[in-house]
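Hi,

Here is the structure I promised to pass on. Have a look at it first, and then read my notes below.

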Amino acid sequence: MSDDASIEVRSPYDGRIIGAVPRFDASLASLLVDQAQVGFATMKQLSRAERGAILDRAAKLVEADSTGYADLIVAEAGKPLKQARREVARCINTLGLSAEEARRNAGEVIPFDAFAGSERRQGWFSREPLGVIAAITPYNDPLNLVAHKVGPALAGGNSIILKPSERTPLSALRLLATLKAAGLPEDVLCVAVGDGALGQAIVSSRSVRMVTFTGGFRTGERIAASAGLKKLSMDLGGNAAVIVMADADIDTAVTACVSGAFWAAGQNCIGTQRILIQRPVYQRFRDAFVAETLKLKVGDPSEPDTDIGPLISQEHARSVLALIDEALAGGAALLAGGGLDGACLRPTVLEAAPRSCAAWREEIFAPVVLLDAFDDLDNAIAITNAPEYALHAGIFTENLSTAMLAADLIEAGGIMINDSSDYRFDAMPFGGYKYGSMGREGVRFAYEDMTQPKVVCINRSR
């Protein structure tokens, strides 16, 4: 730890102090790596059954403490209570899936005799741990995004240095305590809270074998420049588009898109940011979407009927307001929202925003959605594919051929058909497309990234 003052964790809703955590200075990075190497030596002694049992016990302990976890997420992240409860449920599932992966995904038999000259050879490959893994997580899902890195890493037999967001470290520390209570040995999971210099010092260590990061592009580029020769897995930003065809079930599309745009106050990398509506149904969709948006309750995230809580900080909220003002100055129409109360931004719907404005081109990470009309599917797909990076996209249509054509042509890591862009199941592969795409999350796929194959081949004498 550093001699500097501890880091205060404050509620983004009302500013009250939720807790304080020790601040780690960058000079301590080498000690953290040494500690994690000791932990890795311990992990190498644990069988798959033991790793799976620890993760299963941790899942049960999180479930038993669901209320405490949900309340903590509400307090430190400002996520509405009903959404925080869902995040806890997903964390339980993620840990359970990780336990299954520890037992199941041990390797494969290799058919050496499939190649002429190798008829007397037989063998297999096993999946072996990499070693020390550095994990850096953001504020928007302070529990489940941690679980998505820690669970597969432990399942694979690795040790982890976890650097959670300075704004929301308490959920990560609570999960660390839960894992220890479930039997995780000391030094296997090291949680350190600090600034970017700490992160850079950790990821640049030669002894770190992999860096897994969820966050923004600029930070991702800095990590890639500092990491050196090691594995990188990065879940970076998105600017998700959803296409609504004229033959779609409009009521279903509206309901799904309202949720997709405004879940977690839009602080969601796969949140619906651009909705492209075919012209014959544009007005009907727009009017229904705005009407449903105006029904959302904004305010205290601890109240069970709140739909939208605060953004992570007033600074972020003001920066989003500046993006809205830029779009309006460029000719966009404000159909709903736009007002700010502290860090709470009322859900905002913009129409006909210029393609040159930042709100159209960049990830907003806030409860802001842009509507636009299109004439034909080719045009909608071209608009969807315009950004140089993508995570998810969606399309609503009753025509199977249209749906499959869009799934083929849209450049994104996931295409949701008759669903909003923000659908995610914790067992599926999840990650970016085009620029900045590195690796996949989703328990099985992260586990495979966090392990390495070792081949054993036996050459029989007869």
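The protein has 15 helices and 21 strands; these are DSSP runs numbered from the N terminus, with helices being H or I of at least four residues and strands being E of at least two. Its radius of gyration is 23 Å, close to the 23 Å that the globule rule gives for 462 residues, so the protein is as compact as a globular protein of that length. (That radius is taken over C-alpha atoms, and the rule is 2.2 Å times the number of residues to the power 0.38.) The C-alpha trace spans about 75 × 65 × 40 Å along its principal axes.

Before the details, two notes on how to read this. It is a predicted model, so to speak of local features we need pLDDT of at least 70, and side-chain atom pairs count only at pLDDT 80 or more, while totals for chains, interfaces and linings use all residues. Residues are numbered from 1 along each chain as its sequence is written, and side-chain values use heavy atoms, with hydrogens and water left out.

Now the overall packing. Buried residues make up 56% of the 462 residues, where buried means under 20% relative accessible area, exposed means over 50%, and partly exposed is in between (1.4 Å probe, protein chains only). The protein exposes about 19000 Å², and carbon and sulfur atoms supply 50% of that; the areas come from the Shrake-Rupley method with a 1.4 Å probe, and for residues only the protein chains shown count as cover. Of the contacts (heavy atoms within 4.5 Å) with a separation of 6 or more, 72% are between residues 24 or more positions apart.

Which residues have the most contacts inside the largest nonpolar core? They are Ile-243, Val-244, Ile-275, Phe-285 and Phe-289, in a core of 57 residues. A nonpolar core here is a set of buried Ala, Val, Leu, Ile, Met, Phe, Trp, Tyr and Cys residues joined through side-chain atoms within 4.5 Å. Helix α9 (residues 250-262) gives the largest share of this core, 8 residues.

Ala-58 is in helix α2 (residues 48-64) and is buried at 0% relative accessibility. Beyond residues up to four places away in sequence, Ala-58 touches Leu-95, Thr-178, Leu-179 and Ala-182. C-alpha to C-alpha, Ala-58 and Ile-92 are 8.2 Å apart in space, and 34 residues apart in sequence.

On to the aromatics. A search of the whole structure finds 5 aromatic pairs. Rings of Phe, Tyr and Trp (its six-membered ring) pair if their centres lie within 6.5 Å; planes under 30 degrees apart count as stacked, over 60 as edge-to-face and the rest as tilted. Tyr-139 and Phe-365 make an edge-to-face pair, 6.1 Å centre to centre with 80 degrees between the planes. Tyr-139 is in the loop between β5 (132-136) and α5 (144-155) and Phe-365 in the loop between α12 (358-361) and β16 (368-374), so this pair ties together parts 226 residues apart in sequence. Both partners are buried, Tyr-139 at 18% relative accessible area and Phe-365 at 16%.

The rings of Phe-285 and Phe-289 have centres 5.7 Å apart and planes at 20 degrees, so that pair is stacked. Both residues lie in helix α10 (residues 282-293), 4 residues apart, about one turn of the helix, and both are buried. Phe-217, Tyr-389 and Tyr-435 form one aromatic cluster.

Two arginines are worth a look too. A charge sits over a ring if NZ of Lys or CZ of Arg is within 6 Å of the ring centre and within 35 degrees of the ring normal. Arg-174 has its charged end over the ring of Tyr-69, 5.2 Å from the centre, and Arg-424 lies over the face of Phe-430, 3.8 Å from the ring centre.

Finally, a backbone point. Phe-365 has phi near 60 degrees, a positive value in a residue other than glycine. Asp-187 has phi near 75 degrees, also positive; Asp-187 lies in the loop between α6 (170-181) and β7 (189-191) and is partly exposed at 22% relative accessibility.

Cheers
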